[in-house]
Amino acid sequence: MFRGEVMGVSADKLIIGVCLSLFVITGCHLNEREHASDSDEMVIKEETSVVGLPNPFAKVNSIPEAEDAIGRNIPLLRFIPEVYQDSPDIFVMNESEMAQLMYSSADGSERMLYRISEKFSTELLNGDYTKYAINKKIIIRGHAVLVKGNGDGQGYFTAEWSVGGLNLCILSDVPLTEEDLKRMIN
């Protein structure tokens with residue numbers, strides 16, 4: 001037997017064979033779950049209940065509760081575009097690192113996130129690494145606001161700025177015009 005061979009089979013072919021075998025076994029196992037009896041279902045649920053990372057966001061009931069969690073006043077948006085409902089779902093991340101206000105359309109298909117943090121930079125708050133055609137700064141109420149959009153004249157999908165030691169970011173599924181942003185940002 002030579003190095004890299006097992007019983008005349010190359011290491012590459014052996015690895016591929018093992019991977020395919022695991023794929024087939026996993027597929028059969030999943031198929032068995034589809035046909036599991038009620039008594040088996042309890043075991044399956046217990047098996048799969050601890051999957052993934054814990055969610056760092058906790059929902060809170062009010063803006064004051066979010067302000068208490070992050071230890072800062074949240075500069076509220078002055079205007080919410082009509083496509084979004086006025087009352088957001090409010091979350092805090094890891095109890096003090098970031099507040100997030102999530103505005104949704106009536107049918108829930110569109111969202112706008114407004115994030116506030118003292119600890120995260122505006123780039124980290126944004127988290128949108130899409131390559132946009134437009135990436136420029138505009139001045140709104142004395143703040144340099146970095147906006148990003150497709151350059152199709154429809155508007156911008158992100159806006160980032162800082163105020164009084166806080167970093168702020170808006171991420172919108174629906175493009176926001178410069179006029180929208182001027183009405184929104186304090």
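**Aromatic pairs and the sheet**

This predicted model holds 3 aromatic pairs.

Reader: How are the planes of Phe-57 and Phe-91 arranged, stacked or edge-to-face?
Author: The ring centres of Phe-57 and Phe-91 are 6.5 Å apart. Their planes stand at 85°, and planes over 60 degrees apart count as edge-to-face. The pair is therefore edge-to-face.

Reader: How many residues apart in sequence are the parts that Phe-57 and Phe-91 tie together?
Author: Phe-57 belongs to strand E3, and Phe-91 to strand E4. The pair therefore links parts whose separation in sequence is 34 residues.

Reader: Is Phe-91 buried or exposed?
Author: Buried means under 20% relative accessible area. Phe-91 has 17% relative accessibility, whereas Phe-57 has 25% and counts as partly exposed. Phe-91 therefore counts as buried.

Reader: Which strands hold Tyr-114 and Trp-161?
Author: These two residues form a stacked aromatic pair, with 6.3 Å centre to centre and 15° between the planes. Both Tyr-114 and Trp-161 are buried. The pair ties together parts 47 residues apart in sequence, because Tyr-114 lies in strand E6 and Trp-161 in strand E9.

Reader: Which strands stand at the edges of the sheet?
Author: The open sheet has 8 strands in the order E3-E4-E5-E6-E10-E9-E8-E7, with antiparallel pairing. A strand at the edge has a single partner strand, so one side is left without a neighbour in the sheet. The edge strands are E3 (57-60) and E7 (134-140).

Reader: Which residue lies over the face of Phe-79?
Author: The distance to the ring centre of Phe-79 is 3.7 Å. The residue over its face is Arg-183.

Methods:
Residues are numbered from 1 along each chain as its sequence is written. This is a predicted model: local features need pLDDT of at least 70, side-chain atom pairs count only at pLDDT 80 or more; totals for chains, interfaces and linings use all residues. Side-chain values use heavy atoms; hydrogens and water are left out. Two strands pair if DSSP finds at least two bridges between them. Helices (H or I, at least four residues) and strands (E, at least two) are DSSP runs, numbered from the N terminus. Rings of Phe, Tyr and Trp (its six-membered ring) pair if their centres lie within 6.5 Å; planes under 30 degrees apart count as stacked, over 60 as edge-to-face and the rest as tilted. Buried means under 20% relative accessible area, exposed over 50%, partly exposed in between (1.4 Å probe, protein chains only). A charge sits over a ring if NZ of Lys or CZ of Arg is within 6 Å of the ring centre and within 35 degrees of the ring normal.
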